[in-house]
Amino acid sequence: MRLPSIGHAPTIPAMQSGTPPARRKIIHIDMDAFFASVEQRDNPALRGKPVAVGGSALRGVVAAASYEARVFGVRSAMPSVTAKRRCPQLVFVPPRFEVYKSVSQQIRQIFARYTDLIEPLSLDEAYLDVTRDKQGVGSAIRVAQRIRGEISAETGLTASAGISYNKFLAKIASDQNKPNGQFVVLPQDALAFVATLPARRFYGVGPRTAERMARLGIHTGADLRAQSLGFLQQHFGKAAEYLYRASRGEDERPVRADRQRKSIGGERTWAQDLQQDAELVAALDAIIDIVWERIARQSASGRTLTLKMKFADFQQITRARSLDAPIPDRASFAAVAHGILAGLLPVPRGVRLLGLSLSGLETPVADAAAAHAVAEPVPAQYRLEF
Ligand code: DCP
Ligand code: MG
C-alpha cells in the first residue's frame with residue numbers, strides 16, 4: 001500500500017501522499033443548547049419544554065433555544081415574534097450572563113486538567129490541543145469522553161466534542177453527533193468526510209457565498225476540491241486559499257492558548273448629551289462605580305486605564321494612561337480616571353457616551369501555565385493514535 005496508515009507512519013507531506021498530515025490531536029468542545037440548558041437545569045419547571053433564552057433584554061431576539069424548541073424550527077438569532085409564531089407554547093426566559101460565565105469558567109477548569117493549550121471561542125466553545133495530554137491518557141477520543149463526563153458530573157450539563165488532527169475538522173465534527181455526543185475524523189477518513197460536506201459548512205461560507213457557489217456548480221467539499229486554486233481565487237478572493245486547503249482536509253492553524261487577556265470595563269450612554277465640566281465629572285463618577293465593582297468582583301488588577309468618549313456626532317476618542325504598577329485601589333482608580341478626563345476638558349461638543357476600561361491585566365495564577373503554553377512541534381516518529 002502506498003499510503004501507510006497513521007500511527008505507523010511518519011508525517012507525510014499532504015501534497016505527495018493524498019493523506020493529510022496528522023501532526024496534532026485537536027478536540028473542539030461545544031456545550032449543547034448552552035444558555036437554554038442552564039435555564040432548564042436551574043428551573044425544573046422548564047425541563048422538557050420548548051424554551052427560548054432572550055426576549056426584551058436582547059431586543060426580542062432568541063439567543064438560545066432548547067432542543068424541544070428547535071423541533072418547531074426555533075433557532076438562535078431569530079426574532080422572538082417569529083419564534084413565537086412557530087411555537088406558540090414557547091417559554092421565554094431572560095438571560096443570566098453571570099451564571100453562564102461561571103459555568104464557562106468551570107468547564108475551562110476541567111479542560112485545564114488535560115491541557116494548557118486551550119483556545120476559548122466563546123463562553124461555551126473551545127479548541128483543545130491534546131497531542132500530549134497532561135494526564136497521559138494518550139487517546140484524544142478518551143480525553144474527550146472524560147472531559148464530557150466531568151462536565152456532566154460537575155455542571156449537570158451536556159457537551160459535544162469533535163476530535164481530529166486540525167481545528168477545521170474538529171469543529172465540524174463536534175456538530176456531527178450533537179447533542180451529548182462526539183465524533184472523530186481520523187486522518188485516513190478525512191478526505192472522504194470532507195468530500196461529502198455541504199459547502200455551507202466551510203468556515204466563512206454564508207448564505208450568499210453558498211448561493212454563488214451553487215451557481216458555479218459547487219455544492220460539496222468534493223466540488224470545492226475539484227477546483228484549482230486560481231479558479232477559487234478568481235471567484236472567492238481572499239477565502240480561496242482557505243477553501244483550497246480545507247477541502248483537502250488541511251488546516252495548519254495552531255491552538256492559541258489565552259489569546260488576548262481581556263480588559264474589564266463598562267460604559268454608559270446618557271439620555272442627554274453632557275457638555276458642562278461638572279456634568280462630565282459626575283458622569284465619570286457613575287462609571288467609576290460600575291467599573292470598579294466589576295474589577296473588585298473579579299479581583300482583577302491592571303496597569304492601564306482607558307477612557308472612551310463618544311460625542312454627539314458619534315465621533316469617538318480614547319485616552320489611555322499606564323502606570324508602572326497595577327492600580328491598587330478604588331481611590332487610585334478614580335484619581336487616574338479623573339486625571340484623564342481633566343485633560344479633555346472643556347469638551348468641544350456634547351458627549352453622549354463615557355466609558356472606562358482596565359487592561360494590562362495581571363495573569364491570574366490559575367492561568368499562568370496557559371499564558372505561556374505553546375504547541376510544540378511533534379517529532380515525525382511520534383505515534384498519533386486517536
Ligand atoms: N448565543 C447568542 N447569540 C447567538 C448565538 C449564540 O447569544 N447568535 C449564545 C447562546 C448559546 C451560546 O451562545 O446558548 C452558544 O452558542 P451555540 O451556537 O453553541 O449554540 P447552543 O450552545 O445554544 O446550541 P448547540 O447545541 O447547537 O451548540
Ligand atoms: Mg453550543
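Q: What share of the contacts in the protein between residues at least 6 apart in sequence join residues at least 24 apart?
A: That share is 61%, where two residues are in contact if their C-beta atoms, placed from the backbone, lie within 7 Å. Please keep in mind that this is a predicted model, in which local features need pLDDT of at least 70 and side-chain atom pairs count only at pLDDT 80 or more, while totals for chains, interfaces and linings use all residues. Residues are numbered from 1 along each chain as its sequence is written, and chains are lettered from A and ligands numbered from 1 in the order in which they are written.

Q: What is noted about phi of Ala-33 and phi of Ala-77?
A: Most residues other than glycine have a negative phi. Phi of Ala-33 is near 40 degrees, a positive value, and phi of Ala-77 is near 75 degrees, also positive. Ala-33 sits in the loop between β1 and α2, and Ala-77 in the loop between α3 (67-70) and α4 (80-86). Helices (H or I, at least four residues) and strands (E, at least two) are DSSP runs, numbered from the N terminus.

Q: Why is ligand 1 said to lie between domain 1 and domain 2?
A: Domain 1 (24-30 + 100-255) and domain 2 (34-98) both give residues to the shell around ligand 1, so the ligand lies between them; the bounds come from an automatic or database domain assignment. The shell holds 15 residues, with Phe-34, Phe-35, Ala-63, Ala-64 and Ala-77 the closest, a residue being near if its C-beta atom, placed from the backbone, lies within 6 Å.

Q: Which residues touch the most other members of the largest nonpolar core?
A: A nonpolar core is a set of buried Ala, Val, Leu, Ile, Met, Phe, Trp, Tyr and Cys residues joined through C-beta atoms within 7 Å. Of the 67 residues in the largest one, Ile-27, Ala-52, Leu-128 and Ile-163 touch the most other members. This core draws at least three residues from each of domain 1 and domain 2.

Note on methods. Buried ≥ 20, exposed ≤ 12 C-beta atoms within 10 Å, placed from the backbone.
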